[in-house]
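Please find below some numbered remarks on the structure.

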Amino acid sequence: MFSFFKKKPKDTPAPPTEAAPETAAPEVAPAPAEAPAPQKSSWLNLFKKEQPLVPEVVPEPVEVPAPEPVPVTVAAPAPLPEPVPVPTPVAVEEPEGEIVPAEPPPPEQKRSWLQRLKAGLSKTSTNLTTLFVGAKIDDDLYEELESALLVSDAGVEATHFLLDELKKKVKAEKLTEAEQVKAALRTLLIDMLSPLQKPLVLGREQPLVMMIAGVNGAGKTTTIGKLAKHLQAHHQSVLLAAGDTFRAAAREQLAIWGQRNNVTVVAQESGDPAAVAFDAVQSAKARNVDVVMVDTAGRLPTQLHLMEELKKIKRVIGKGMQNAPHEVLLVIDGNTGQNALAQVKAFDDALQLTGLVITKLDGTAKGGVLAAIAKTRPVPVYFIGVGETIEDLQPFNAEEFVDALLS
């Protein structure tokens, strides 16, 4: 194909014969030999090159929109339980989370409690009530009343305040009967002690950390066990920390209370009580416990090195949880009299107390020390105890307490 466009080779000789007539058929030149296969391939390649170059069409990437995510409904996490009210004797327009009794105690239990309270304060009650039997309202009555209040451990400041206010009230209201003076004294005592009546607020922190302090023999460990049971009855989970590492019996005693109440107790055989408190707070946070109560070693306010140890425990607890401890309670033996006021002052200066628990009012307690505390260092009294059983620890009620003193 296309061979007729090619020239004859120059070295080809002319034919010897004569020229043929024009009519003769022209001599056909021999067909060139076939090009070898490689040349054919080269020719084809050349032919291909002569063709117009057609750019290779590379399909542009088509952006396929990602499928829209299918909305998946995820269940919201369960909300934290609302602060559970815990009991308090005051139930008038109290804010949410305060200790409010779920239901009033049975009448028999209430009468039994008041009887035990009255029996515990019988010594002071007898001294005060006999003054008004057939008495005349004169200076002798006021002098006898002053002596009775001082003997009841009310203290000089509270006693003078009560007498001055009583004289003013008698004069202003023109009281003429001894029973009227007694009723006026009752009103003044209730007004004085009412600021101490404050409910313990729970549920404001998770967990709520309570640090318990007091001197040896005041009943700290027993009080912690009773409070644990009291809080459990109002749907609060509790964890105890055996921070009294100086006395092995204290750890064992707290462990027994933990077994009775089915409560976890964090303890160490020996070591730093601040470390025990720190571990207890971390454990409570991990377990979502409601209340942590940290026991501490008993000590006298005059033991300055031990008071410094208490301050250290409080600081370490604060490192384990911000703003902790949220409650710092001092347990006071109700039989210690005016010494109880000295303890309140010393521990309050060192730890900034938030509440008191008065124990052992079932013995020879005089009870007047609450008046001294109210006048000198009015730290709230959360609970008072009149016996060894759990039911003997009850929230403080100023009116009930005064009635036990004057009835």
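**Remarks on the predicted model**

1. Of the 407 residues in the protein chain, 42% are buried, where buried means under 20% relative accessible area, exposed over 50%, and partly exposed in between (1.4 Å probe, protein chains only). The model is predicted: local features need pLDDT of at least 70 and side-chain atom pairs count only at pLDDT 80 or more, while totals for chains, interfaces and linings use all residues. Residues are numbered from 1 along each chain as its sequence is written, and side-chain values use heavy atoms, with hydrogens and water left out.

2. The protein chain contains 13 helices and 8 strands. These are DSSP runs numbered from the N terminus (helices H or I, at least four residues; strands E, at least two).

3. Strand β2 (residues 238–241) is covered on both faces: Val238 and Leu240 are buried on one side, Leu239 and Ala241 on the other.

4. Strand β2 runs parallel to β4 (residues 291–294), with 4 bridges between them; pairing requires at least two DSSP bridges. Leu240 has Met293 as its bridge partner in β4. Strand β3 (residues 264–266) is also parallel to β2, through 3 bridges, and Leu239 is partnered there by Thr264.

5. Ser152 is located in the loop between α4 (139–151) and α5 (156–173). Ser152 counts as buried because its relative accessibility is 4%. Beyond its neighbours within four places in sequence, Ser152 is in contact (heavy atoms within 4.5 Å) with Thr124, Lys366, Gly367, Gly368 and Val369. A polar atom of the Ser152 side chain lies 2.6 Å from the backbone oxygen of Leu149.

Methods:
A polar contact is a pair of N or O atoms within 3.5 Å; within protein, one must be able to donate a hydrogen and the other to accept it, and residues adjacent in sequence count only if both atoms are side-chain atoms.
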